[in-house]
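Subject: Structure handover

Hello,

I am passing on the structure we spoke about, with notes on its ligand, pockets and cavity. Please look it over before reading on.

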Amino acid sequence: VVDDVAVDGYQLLDAGDGARLERFGAHLVDRPHAGALAPRRDPGAWRAADLRFDRDGGWTGPGVAGARPGWGIRVAGVDLRLRPTSAGQVGFFPEHVGQLDWLRSQVDARTERRKDAAPSVEILNLFAHTGLHTTVLAQRGAHVTHVDSARSAVDWARQNAAANGLADHPIRWIVDDVRAYAAREARRGRRYDGVILDPPAYGHGGRQAWRLADHLPDLLATCTGLLHADGFLLLSAHSEGVRPGDLGTLLVRSLRSSTGPAPEVGDSTLVSAAGGTLEMGGYARWSGAS
Ligand SMILES: C[S@@+](CC[C@H](N)C(=O)[O-])C[C@H]1O[C@@H](n2cnc3c(N)ncnc32)[C@H](O)[C@@H]1O
């Protein structure tokens, strides 16, 4: 359960009746959330929302004009630029915050083991979106390969990295389909210390469509093949009907020939200030390091 996200810039205030109410820095956002089935606990709080999203009407509310050019928040030690997108997102997934300490510790442990012997810890970040993970790991000194098929997402992630003083850090910014890119890296014999995947249920890779249900097993097999024996992998998904146990099972199948402990699986549940919980999918993670 992610109950420590309410640090600085973000807070889930309430959820219910098919929507969630969240503060992202200067803006209070009311938007649909299909999994918010319970009644609202704090109905009065919703009146203060200055940004509302509706699938038919798009964004409305007194904050829209001010939000469109973008605004900044600081979460978990990272400065992020946000803006309202046509899909009803703002560029930050709070459920990711619960994985950041684990990711930092994976990089730190490997950096420590190598000491001055370089090379740096190499991470492949797939479906990398606006780059929270990329920024956090680059802050830790890792060299990150950031892959997303949307040029706008990659540009956004670059701005986020730059906002954190990482404009000159070695980050490879790749606009490509993750399946095509991972397969190419496998053919080139590349190896990574860590792979992160945050696949949506459906997406566009440019030349080919992405469907989690059809394509995740093969992509995972390719990704586990890209890992050093002591590598690590984080798989998260927030799509309806995808349970953490399913992610763990898929990961175990792809890791069949590897050594190391079993994957850890868990829910990415958010706790609201009003006292409710919101299911945000889950994760499976694995580290081959002893
Ligand atoms: C952050 S992930 C999804 C986050 C979250 N797991 C969810 O389900 O909403 C979405 C990102 O994946 C990217 N994406 C979708 N399909 C892709 C593909 N085939 N190859 C590369 N990136 C893709 C999108 O451009 C977007 O930035």
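How much space lies in the largest pocket? The figure is about 1500 Å³. Keep in mind that this is a predicted model.

The lining of the largest pocket is made up of 49 residues, and Gln89, Phe93, Pro200, Ala201 and His238 are the closest to the pocket's centre. Three of the elements that contribute are β3 (27-32), α4 (151-163) and β12 (202-204), each of which supplies at least two residues of the lining. Sorted by class, the lining of the largest pocket has 18 nonpolar, 18 polar and 13 charged residues.

The ligand

The largest pocket is where the ligand sits. Around the ligand there are 18 residues, and the closest are His129, Asp148, Asp177, Val178 and His238. The shell consists of eight nonpolar, six polar and four charged residues.

In one, a ligand nitrogen lies 3.0 Å from a polar backbone atom of Ser149. A polar backbone atom of Val178 is likewise 3.0 Å from a nitrogen atom of the ligand. With Asp198 the side chain is involved: one of its N or O atoms is 3.1 Å from a ligand nitrogen. On its own the ligand has 590 Å² of accessible area, and the protein covers 87% of it.

The second largest pocket

This pocket holds about 180 Å³ of space. It is lined by 14 residues, with Ala15, Ala38, Gly276, Thr277 and Leu278 the closest to its centre. The largest share, three residues, comes from β1. By class, the lining of the second largest pocket has six nonpolar, five polar and three charged residues.

The cavity

How many cavities of 30 Å³ or more are there? The count comes to one. The volume of the largest cavity is about 130 Å³. Its lining has 15 residues, and those nearest the cavity's centre are His96, Ala128, His129, Gly131 and Leu132. His129 is also among the residues closest to the ligand. Both β8 (122-126) and α3 (132-139) supply at least two residues of the cavity lining. In terms of class, that lining has seven nonpolar, seven polar and one charged residues.

Regards

How values were computed: Residues numbered from 1 in each chain as written. Predicted model: local features only at pLDDT ≥ 70, side-chain atom pairs only at ≥ 80, totals over all residues. Heavy atoms only, no water. Near = heavy atom within 4 Å. Polar contact = N/O pair within 3.5 Å; in protein donor to acceptor, adjacent residues only side chain to side chain. Areas by Shrake-Rupley, 256 points an atom, 1.4 Å probe, with all protein chains shown as cover. 1 Å grid on protein atoms, 1.4 Å probe; cavity = no way out; pocket = protein on both sides within 12 Å on 5 of 7 lines; lining within 4 Å. Sits in = over half its atoms within 2 Å of the grid points. Nonpolar A, V, L, I, M, F, W, Y, C, P; charged D, E, K, R; others polar. Points joined across faces, edges and corners; volume = space filled by probe spheres on them. Helix = DSSP H or I, 4+ residues; strand = E, 2+ residues; numbered from the N terminus.
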